[in-house]
Amino acid sequence: MVSLAPGILLIADPFLKDPNFARTVIFVCENDEKGSFGFVINRLFDQTLDALIPDVIYPGIPVHYGGPVQVDTIHFLHQMPDQIPGGMQVVPGVYWGGRFDDVVELLNKGALDLQKIKFFIGYSGWTAGQLEEELREKSWIPSESTPALVFDPREQQIWQQALRNLGSNFAMMANFPIDPSLN
């Protein structure tokens, strides 16, 4: 089993009923004695970045629903540490944050590869011991992450692909119906 650490994925169990997390995949950015923090990487928000941040003039950049905590904040993951200073490397190839003013300026110039950055409104967070308890309850399936999956633009397929990446024992879960009683 994969241990809880920055850079792992939390794949929602197929039968997890919490509407905030049903069929989601969370990329964990921090995990320490105070708790854990990450972003849902496979759920689009209903507004684009230019609608949320007036200084962004580049239209149509998707924003993801990072989680139910502080949904009045914008965060980002990226793969461009040379262009976006101030970020923290979570795992090789994935950086969290950086100087947002620089990001806005680069976006408005069309100077960022939009396949290498993902924006989030809000985040997912757990207090000390809370996520460990959810793992014991089997709410989440922990997995190694890959930058390709974190930045995959096909949000609708990330949950299924994350399960398939775990091998045949988990791959069949990717096809489970949302409500088995309707099967």
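Colleague: Is Gln 161 buried, partly exposed or exposed?
Modeller: This is a predicted model, where local features need pLDDT of at least 70, side-chain atom pairs count only at pLDDT 80 or more, and totals for chains, interfaces and linings use all residues. Residues are numbered from 1 along each chain as its sequence is written, and side-chain values use heavy atoms, without hydrogens and water. Buried means under 20% relative accessible area and exposed over 50%, with partly exposed in between (1.4 Å probe, protein chains only). Gln 161 has 30% relative accessibility, so the residue is partly exposed.

Colleague: How far apart in space are Gln 161 and Lys 34?
Modeller: In sequence, 127 residues separate them. From C-alpha to C-alpha, the distance is 31 Å.

Colleague: How many aromatic pairs does a search of the whole structure find?
Modeller: Rings of Phe, Tyr and Trp (its six-membered ring) pair if their centres lie within 6.5 Å. The search of the whole structure gives a total of 9.

Colleague: Are the rings of Phe 37 and Trp 96 stacked, edge-to-face or tilted?
Modeller: Planes under 30 degrees apart count as stacked, over 60 as edge-to-face and the rest as tilted. Here the centres are 4.9 Å apart and the planes meet at 40 degrees, so the pair is tilted.

Colleague: What is the angle between the planes of Phe 76 and Phe 100?
Modeller: Their centres are 6.0 Å apart. This aromatic pair is tilted, at 45 degrees.
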